[in-house]
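Subject: The structure and some notes on it

Hi,

Here is the structure I wanted to pass on to you. Please open it first, and then read the notes below alongside it.

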Amino acid sequence: MIRDKYPIHTTLSTSAMRILERYEKELGAKNLVLEQALLGMDKLRFREKIDPQSVSRIIKRTRTGIRGFDELIEGGIPEGFVVVVTGPPGTGKTTFSIQFLLEGVKNNERCIYFSFEEKVEQIIKQSLRFGWDAGEYIDKGYLEIFGFTMLSSEEIIEIFNVFKPRRVVFDSLNIFFDEKEFRKSAQWRNILKEIRDKKITCLVITEKKHGLDVREFDDFDFMGDGTIFLDKKLMKELYPTYFFQIQKMRLTKINEIQQPFEFSDHGIELVGARNLERRIAVFATSKKVQEEIPTKVNPDDPVRPV
Ligand SMILES: Nc1ncnc2c1ncn2[C@@H]1O[C@H](COP(=O)(O)OP(=O)(O)O)[C@@H](O)[C@H]1O
Ligand SMILES: [Mg+2]
């Protein structure tokens, strides 16, 4: 039906279309000259709009609070983005997300954590390990944590309407949706529309059965405006460490180099390549020392970790 009504001027902006329609109605016929002129004006306006300088100026960036991370993505995640945080188990996805929300509440932004597998207390405990008092922000009304949530998409949208969050985390989407179905699922599309309309910056955690070195994608990876992959591996077959890679961030020039990170007393922090080299060297020496003194080990001693 719409095609019948607007047979050829579908690339015109709404206001240009209105001018054209009014004129053609009065004239009782199509007016190609006017249409071309309006199209030309639209193009000019569009060009102005996508001037790279003005685009970078208007993008508001949401800082993650992860030391060293925001610098790799021009200062933060663009406001209103849905970013997939993915990786195998135990690689820091939950920690990363808690840290992201706490950066928000510190700036008086309302934040929500939807966990599909963990209890609220567990998340609060995990945050206390890094000296963050999530409970304090819950009491102040800036943070909501839904543990073991069984909420429907309608309820989630209702919570958005009432609480008006600026940042939201879903941990993890694999529990909430079937990977193969979710992109077409009306439930997810409804949630996504609300996130877009309300410009909520959102981290969506997904689980991988493989590390960074396997270039394999699942359906969740195609959904986000950005993808951050977290992993842990042995450096020089010796030193175990965590890595993340920013694989995608729309509207942003990204540094895609795999970055070593660690869990410090303040949460996740970048280590930096030079520090990593130094740490591997220290680790290698301590291992060597141990290998040189095996005879001194009393077999009755309890086994201690390296
Ligand atoms: N305070 C800490 N110090 C050192 N390592 C930690 C600390 N907290 C968590 N970790 C490590 O991070 C891993 C879990 O982090 P988490 O964010 O829950 O991962 P994921 O959500 O990816 O499963 C644990 O396996 C643990 O080794
Ligand atoms: Mg987790």
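Let's start with ligand 1: the residues around it are Gly-87, Pro-89, Gly-90, Thr-91, Gly-92, Lys-93, Thr-94, Thr-95, Arg-129 and Phe-263, where a residue counts if its C-beta atom, placed from the backbone, lies within 6 Å of the molecule. Helix α5 gives the most to this shell, with three residues. By class, there are six polar, two nonpolar and two charged residues in the shell. Here Ala, Val, Leu, Ile, Met, Phe, Trp, Tyr, Cys and Pro count as nonpolar, Asp, Glu, Lys and Arg as charged, and the others, Gly among them, as polar.

Before you go further, please note that this is a predicted model: local features need pLDDT of at least 70, side-chain atom pairs count only at pLDDT 80 or more, and totals for chains, interfaces and linings use all residues. Residues are numbered from 1 along each chain as its sequence is written, while chains are lettered from A and ligands numbered from 1 in the order in which they are written.

Now the sheet. Nine strands form an open sheet with mixed pairing, in the order β5-β4-β6-β7-β3-β8-β9-β10-β11. Helices (H or I, at least four residues) and strands (E, at least two) are DSSP runs, numbered from the N terminus, and two strands pair if DSSP finds at least two bridges between them. Because β5 (143-146) and β11 (267-270) each have a single partner strand, they stand at the edges, with one side of each left without a neighbour in the sheet. From one strand to the next, the twist averages 25°; axes are lines fitted to C-alpha atoms, for helices over the stretch in contact, and angles run from 0 to 180 degrees between N-to-C directions.

Strands β9 (residues 239-249) and β10 (residues 259-264) run antiparallel and are joined by three bridges. Phe-243 stands opposite Pro-260 in β10.

Gln-259 is also in β10. With 19 C-beta neighbours inside 10 Å, Gln-259 counts as partly exposed (20 or more would be buried, 12 or fewer exposed, with C-beta atoms placed from the backbone). Leaving aside neighbours within four places in sequence, Gln-259 is in contact with Phe-243, Phe-244 and Leu-270, contact being C-beta atoms, placed from the backbone, within 7 Å.

Finally, Arg-61 lies in strand β1 (residues 61-62). Its C-alpha atom is 4.4 Å from that of Pro-78, 17 residues away along the chain.

Best wishes

Definitions and conventions
Contact = placed C-beta atoms within 7 Å.
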